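Reader: I would like to go through this model one item at a time. Please show it, and then I will ask.

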Amino acid sequence: MTKHAKQRQPMIAAIPVAIRIQVSIEENTAMIAFKQAHFPRRWTALAVLPLMLAGSGIAQAQQPWTSVGSTGVVDEQDLSLFDFVNAEARVVSTAPAPSTLNLRYNVVALEELNSGFNTPYRFKARLRDNGAGSQVVLRLRSASFATGLATTIATIDSNALPPSPSYRNQEVCVLLDFDFVNNAYFIDADLIKSSTAGTPALSLIQIDEANCAG
């Protein structure tokens with residue numbers, strides 16, 4: 001019974017893969033043509049949208065290099081001077097005056113930092129310099145694989161602006177061609193407490209391509 005039933009079942013030939021793909025393409029093409037004919041405005045907008053996104057900042061937005069102050073590498077001689085609070089790096093309040101806390105931040109290769117020769121970059125920091133007893137200095141530096149020598153490219157000095165007990169943003173513009181093949185880049189930061197009233201601190205650092213003048 002079972003044997004005869006199996007013999008009476010109709011044989012279904014397998015449809016070749018190429019034929020199935022062709023049928024699927026034709027069905028999709030017909031469906032798109034139908035929708036374009038009946039809903040032209042909607043489908044035109046949808047067709048143009050990817051092109052708009054491709055040419056906009058949404059699709060091609062470049063991201064800057066950033067760091068928070070509390071990720072800095074502390075010089076071994078300054079281990080008794082640092083105080084990391086959330087994103088901030090500070091000179092500890094019990095540090096004697098004068099004291100200088102040295103921190104270093106490695107700048108890694110990003111697409112944003114590979115824009116070509118003499119590209120304007122904004123070197124920016126959020127810092128605190130509350131007066132004569134306080135100073136924050138950041139130096140963007142390169143170190144050569146050929147010579148091992150480090151060169152200062154740009155400097156942010158909090159003394160260039162009036163002091164403030166609050167954090168503020170300070171920036172400089174530099175024309176630069178980042179060359180991560182032949183150089184490494186880092187930021188050397190000094191938080192200087194020259195009197196007991198000084199409370200120097202560093203919160204954020206950023207490097208990004210910008211429309212600025214060097």
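Reader: Which residue in the turn of the hairpin of β3 and β4 has a positive phi?
Author: This is a predicted model, in which local features need pLDDT of at least 70 and side-chain atom pairs count only at pLDDT 80 or more, while totals for chains, interfaces and linings use all residues. Residues are numbered from 1 along each chain as its sequence is written, and side-chain values use heavy atoms, with hydrogens and water left out. Strands (E, at least two residues) and helices (H or I, at least four) are DSSP runs numbered from the N terminus. The hairpin of β3 and β4 has 2 residues between its strands, and the one in the turn with a positive phi, about 55°, is asparagine 86.

Reader: Which residue in β4 is the bridge partner of valine 85?
Author: Two strands pair if DSSP finds at least two bridges between them. Strands β3 (residues 82–85) and β4 (residues 88–91) run antiparallel and are joined by 4 bridges. The β4 partner of valine 85 is glutamate 88.

Reader: Which residue in β11 is the bridge partner of arginine 90?
Author: β4 is also joined to strand β11 (residues 201–209), by 2 bridges, and these two run antiparallel. Within β11, arginine 90 has as its bridge partner alanine 201.

Reader: Is serine 70 buried or exposed?
Author: Serine 70 sits in the loop that runs between β1 (65–68) and β2 (73–74). Leaving out residues up to four places away in sequence, serine 70 has contacts (heavy atoms within 4.5 Å) with Phe84, Asn86, Ala87, Glu88 and Ala89. Buried means under 20% relative accessible area, exposed over 50%, and partly exposed in between, with a 1.4 Å probe and protein chains only. Serine 70 has 18% relative accessibility and therefore counts as buried.

Reader: Which residue in β5 stands opposite valine 74?
Author: An open sheet of 5 strands has the order β2-β5-β10-β7-β8, with antiparallel pairing. Its edge strands, each pairing on one side only, are β2 and β8 (150–157). The antiparallel strands β2 and β5 (residues 99–107) are joined by 2 bridges. In β5, the residue opposite valine 74 is leucine 103.

Reader: How many residues apart in sequence are the parts tied together by cysteine 173 and cysteine 212?
Author: The whole structure holds 1 disulfide (a pair of cysteine sulfur atoms within 2.5 Å). Cysteine 173 and cysteine 212 form this link with their sulfur atoms 2.0 Å apart, and at 70° about the S-S bond the link is right-handed. Cysteine 173 belongs to strand β9 (residues 164–176) and cysteine 212 to the segment after β11, so the parts tied together are apart in sequence by 39 residues.

Reader: Why is the pair of phenylalanine 178 and tyrosine 185 classed as it is?
Author: Rings of Phe, Tyr and Trp (its six-membered ring) pair if their centres lie within 6.5 Å; planes under 30 degrees apart count as stacked, over 60 as edge-to-face and the rest as tilted. A search of the whole structure gives 5 aromatic pairs. In one of them, phenylalanine 178 and tyrosine 185 have ring centres 4.9 Å apart and planes at 70°, so the class is edge-to-face.

Reader: Is phenylalanine 180 buried or partly exposed?
Author: The rings of phenylalanine 180 and tyrosine 185 have centres 4.9 Å apart and planes at 65°, so this pair is edge-to-face. Ring pairs link Tyr121, Phe178, Phe180 and Tyr185 into a cluster. Tyrosine 185 is buried at 3% relative accessibility, and phenylalanine 178 is buried at 4%. Phenylalanine 180 has 25% relative accessibility and so counts as partly exposed.
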